[in-house]
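Hi,

Here is the structure I promised to pass on. Have a look at it first, and then read on for what turned up.

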Amino acid sequence: MKLKGISIVKGKVSGKIFIVESGNNTENIVFNVEKLDNILDKYIEYLLEEVESLDKKYREYADFYVNLLKSRRLRENIKNKDKNLVEAISLAIDEFAGQLLNTNIQHNKDLSDELKFFKNELLDFIEGRLGEFKVEKDSIVIARNLTIRQSLKIVREKVKGVALETNALTSHPVLILKDKGIPTIIGLKDIVNIAKQYKYAIIIDDEIELTNERIEIQEKSIYVDFQTDEFIMKDGTKVKIQINIDFPSEIENIKNFDVGLFRTEYLYLNGIIGKNEQKDIYEYISSKIYPKILTIRLFDLGGDKVPISIEDKNVRGIRYLLHYNRDLLNRQISAIVSANKLKNIRILIPMVSSVEEVIEVKKLIDDIKVGIMIETPSSALITDRFKKFVDFFSLGTNDLSQYTLAISRENISFQQFHPSIFRLIYYSYSKSKPKPFSVCGDMASNDLGLLAVLSFNINTISIPIPYLQRAKEIIERLEKNILSEISRKVITAYKEDDIIKCLRYYLDLLLS
Amino acid sequence: MYTRKVVIVNKLGIHARPATKICEIASRFSSEIYLEKDGIVVSAKSILGILMLVAPKGTEITIRAQGIDEIEAVESIVKIIEEGFGEEI
């Protein structure tokens with residue numbers, strides 16, 4: 001049985017079929033009393049460890065929560081709820097917050113507010129540590145859709161390939177698979193039901209074959225030994241290449257590149273939120289790549305990268321950290337500062353929309369370079385206003401597109417190559433000089449987008465490791481005069497369709 | 001059974017921090033210890049209970065304990081309340 005879909009990552013892999021039935025993994029954390037006591041005690045341990053080195057004030061603050069979690073009354077209340085673990089805890093804490101609110105005393109009201117954040121962090125911790133779904137190593141995963149955590153697990157467990165029913169090209173779970181070079185096909189109608197009748201699967205680019213006999217095929221590695229982080233065009237023009245990573249383990253097989261983007265939210269989603277845990281990871285990467293630079297992006301939570309707890313999904317990135325979870329922000333910055341012994345770490349602020357946010361964050365930072373993501377239309381439009389306050393810019397394209405086009409990135413009508421996006425990229429870049437400017441977004445890690453980005457004379461890009469080889473191939477065939485033709489056509493285009501046609505024409509020309 | 005009355009003296013009354021302190025001290029004793037205000041009785045070993053008591057500055061509360069270390073238990077809690085939990089009075 002053969003099916004064709006849309007290829008996200010091309011590749012040739014085979015393995016046993018592993019079907020993932022449910023999309024939401026927190027529902028599967030079955031309640032049992034032992035698990036409850038165990039996880040609450042673990043969280044208490046974590047809290048105490050966190051505050052060990054802090055001022056007395058913070059220790060007292062933690063003491064309150066420690067006592068609360070030890071409280072028999074709270075635990076009984078959780079146990080009596082006929083729900084799964086996460087819901088039961090959530091309800092019990094909400095009830096307590098509600099009772100506090102009803103006492104009509106100001107400090108109890110404040111505490112009730114505070115409890116909401118406490119609850120969020122606790123639930124994220126629980127979800128991170130217990131919410132893991134199981135997946136078989138070396139298998140081909142087949143599902144309707146995945147959650148971010150499931151995608152992360154798939155990457156970590158070295159799953160061979162993924163086949164999905166969803167059509168969401170640019171949703172985060174799919175992007176993770178793309179970034180990590182896991183051969184993936186999406187848009188496969190009804191594949192979950194069909195696959196139930198088979199044992200093995202082979203993925204070859206955009207086609208999946210389901211069989212009942214195992215077939216071995218030759219697979220190839222994405223790790224090539226690159227001598228330098230500059231890829232050079234035919235006419236000698238240099239492009240500086242940086243890499244995007246999510247996990248510390250990704251740098252083990254690769255040398256000579258700056259990390260242009262370390263997305264820390266994946267640590268958060270795995271329950272790694274403690275200062276010391278974070279510091280160890282940052283320090284490890286920093287020393288491993290030294291003297292290359294490590295760019296750490298602050299937790300970019302919200303949107304579809306949602307810890308189960310954030311209520312207003314529109315509050316994202318630095319807004320969330322500054323206004324809803326200062327503790328988390330302070331802790332992360334202090335972890336980064338203490339990890340920066342070799343002075344090769346930079347901080348990147350996500351989802352910035354105004355200068356005030358940068359000023360506010362910079363108050364917390366000393367002696368570390370700070371840059372911002374340009375991924376909202378507002379920040380792209382006032383790029384020049386940020387110059388005074390930041391050391392570098394990094395442009396992200398999927399969010400920039402969804403907020404410019406007023407349509408979610410998962411939607412089928414999302415136009416990745418809409419003319420407005422290229423105008424914004426071009427405008428922002430031209431207003432950024434002389435500060436370093438790079439594109440770390442998805443636009444620079446697909447063949448067509450890469451051509452457009454380079455055509456604007458942007459000379460630094462940050463891309464996922466699996467795309468390095470392909471990017472090198474394309475860049476080495478490019479030259480300035482072709483690029484200036486491309487940029488002229490892209491900037492003057494009327495429709496997305498024209499841009500895609502134009503870019504495809506030049507790509508075919510280059511590769512022929 | 002040993003009982004004493006005491007008035008809350010610190011400016012903010014029994015909020016999270018004092019509640020934690022009471023709870024921690026009470027937990028060191030084996031006696032059953034209760035706080036009472038206007039007919040509401042809560043365990044001094046339960047942080048949830050103490051907060052539900054609602055005791056701003058000037059409130060009189062009754063502390064009652066039953067057990068082998070009841071006197072010491074009640075006196076320890078009275079002491080910390082009278083000291084205003086080391087906070088602004």
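How far apart do the C-alpha centres of domain 2 of chain A and domain 3 of chain A lie? They are 35 Å apart, in what is a predicted model. The contact between these two parts draws 14 residues from domain 2 of chain A and 16 residues from domain 3 of chain A. Together the two domains bury about 1400 Å², and carbon and sulfur atoms give 44% of that. On the domain 2 side, the residues that lose the most area to domain 3 of chain A are E50(A), E121(A) and D124(A), together 33% of what that side buries.

For orientation, the division of chain A runs as follows: domain 1 covers 2-25 + 133-211, domain 2 covers 27-130, and domain 3 covers 230-511.

Next, the sheet. Chain A has an open sheet of 8 strands with mixed pairing, in the order β1-β8-β7-β3-β4-β5-β6-β2. At its edges stand β1 (2-4) and β2 (6-9) of chain A; each has a single partner strand, so one side of each is left without a neighbour in the sheet. From one strand to the next, the twist averages 25°.

Y200(A), for example, has T211(A) in β8(A) as its bridge partner. Elsewhere, helix α7 (residues 172-179) of chain A lies across β2, β5 (161-164) and β6 (184-186) of chain A, and runs at about 60° to β2(A).

Now to where the two chains meet. Here 16 residues of chain A are in contact with 17 residues of chain B. Chain A and chain B bury about 1500 Å² between them, with 70% of it on carbon and sulfur atoms. In chain A, N67(A), R73(A) and H107(A) lose the most area to chain B, together 34% of what that side buries.

Finally, a helix in chain B. Helix α1 (residues 16-27) of chain B has 12 residues, which at 1.5 Å a residue should span 16 Å; the C-alpha atoms at its ends are 16 Å apart, so the two values agree. This helix is mostly covered, with 9 of its 12 residues buried. Among them are R17(B), P18(B), I22(B), C23(B) and I25(B).

Best wishes

Technical notes:
Residues numbered from 1 in each chain as written. Chains lettered and ligands numbered in written order. Predicted model: local features only at pLDDT ≥ 70, side-chain atom pairs only at ≥ 80, totals over all residues. Heavy atoms only, no water. Helix = DSSP H or I, 4+ residues; strand = E, 2+ residues; numbered from the N terminus. Expected span 1.5 Å × (residues − 1). Buried < 20%, exposed > 50% of the residue type's maximum accessible area, 1.4 Å probe, protein only. Pairing = 2+ DSSP bridges. Axes fitted to C-alpha atoms, helices over the stretch in contact; angles between N-to-C directions. Contact = heavy atoms within 4.5 Å. Domains from an automatic or database assignment. Buried area = accessible area lost by both parts, 1.4 Å probe.
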